[in-house]
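Hi everyone, thanks for making time for this.

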Amino acid sequence: MRHAPQRGREKTPMGRTRLEHSIEYLKGTQDQYLIFAEGGHAQGLTPDTPQWFAWLAALPSFHFQGQSGQFSARQERKRRGTSYWYAYLKVRHQRLKRYLGTTDTLTLAKLEETASHLHEAALGTIGENEALNARLPKLPAPDGLKVGPFTVLWHNEVLTVTTPTERHYLNQTQTAELLNYLYDQRGTLLKPRR
């Protein structure tokens, strides 16, 4: 028997849930954010205004992609009827949680501060035995992707970037940050040349 997805959520083809409401920092700008509502419609809201807080109060959840981190926020009602927001970030099979407060405290500064704290906490989950730009023993592996003078190879959960003169190793977190950056730049990268 199929159940309808929860309000504010949408099932992806792989069965994962994606939040439909999001606030995303527009990289390369001076504090500009894109705000999307249910159905992917852009909102013309100005952060930290009465309309902003009214919009947030009506949401069950949203995704925040800030300047230095991201999280999913969920509004949870307590027994006495008061609602509080919590931020969640799943990293390395762990669920990190931070208290955000009531809707009237959800300013952009508060969201950015929470994203930064969760990002730092996520970096703290990296084990001591993981590569942080350290030399690793050379292992037999596939050839990787050649891009000009660079070779990029994902092997044994480490991304190796080799240039003609040096080799760099990126752990899972660093690789995810690189992929997020490239994803954010996709509009520029895919623009047709004139």
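Let's start at H1, where Trp52, Phe53, Trp55 and Leu56 are buried. Keep in mind that this is a predicted model. How do these buried residues sit around the axis of H1? Looking down that axis, they fall within an arc of 160 degrees, so they line one face of the helix. Now turn to the face of H1 pointing away from its buried side: there you find Pro50 and Gln51, which are exposed.

What covers the buried residues of H1? The cover includes strands S3, S4, S6, S7 and S8, together with helix H2.

That brings us to the largest nonpolar core, which has 27 residues. The residues with the most contacts inside this core are Ile23, Phe62, Phe64, Phe71 and Leu111. Several elements give two or more residues to the core, among them H1 (50–57), S3 (22–25), S6 (61–65) and S7 (70–77). Which element gives the largest share? That would be H2, with five residues.

Let's take Ile23 as an example. Leaving out residues up to four places away in sequence, Ile23 touches Trp52, Trp55 and Leu56, and its other partners include Phe62, Phe64 and Leu111.

Finally, let's step back to the chain. It has four helices and 13 strands, and 33% of its 194 residues are buried. Of the contacts between residues at least 6 apart in sequence, 39% join residues at least 24 apart. The accessible surface comes to about 13600 Å², with 53% of that belonging to carbon and sulfur atoms.

Terms used
Residues numbered from 1 in each chain as written. Predicted model: local features only at pLDDT ≥ 70, side-chain atom pairs only at ≥ 80, totals over all residues. Heavy atoms only, no water. Buried < 20%, exposed > 50% of the residue type's maximum accessible area, 1.4 Å probe, protein only. Contact = heavy atoms within 4.5 Å. Areas by Shrake-Rupley, 256 points an atom, 1.4 Å probe, with all protein chains shown as cover. Core = buried A, V, L, I, M, F, W, Y, C linked by side-chain atoms within 4.5 Å. Arc of directions from axis to C-beta.
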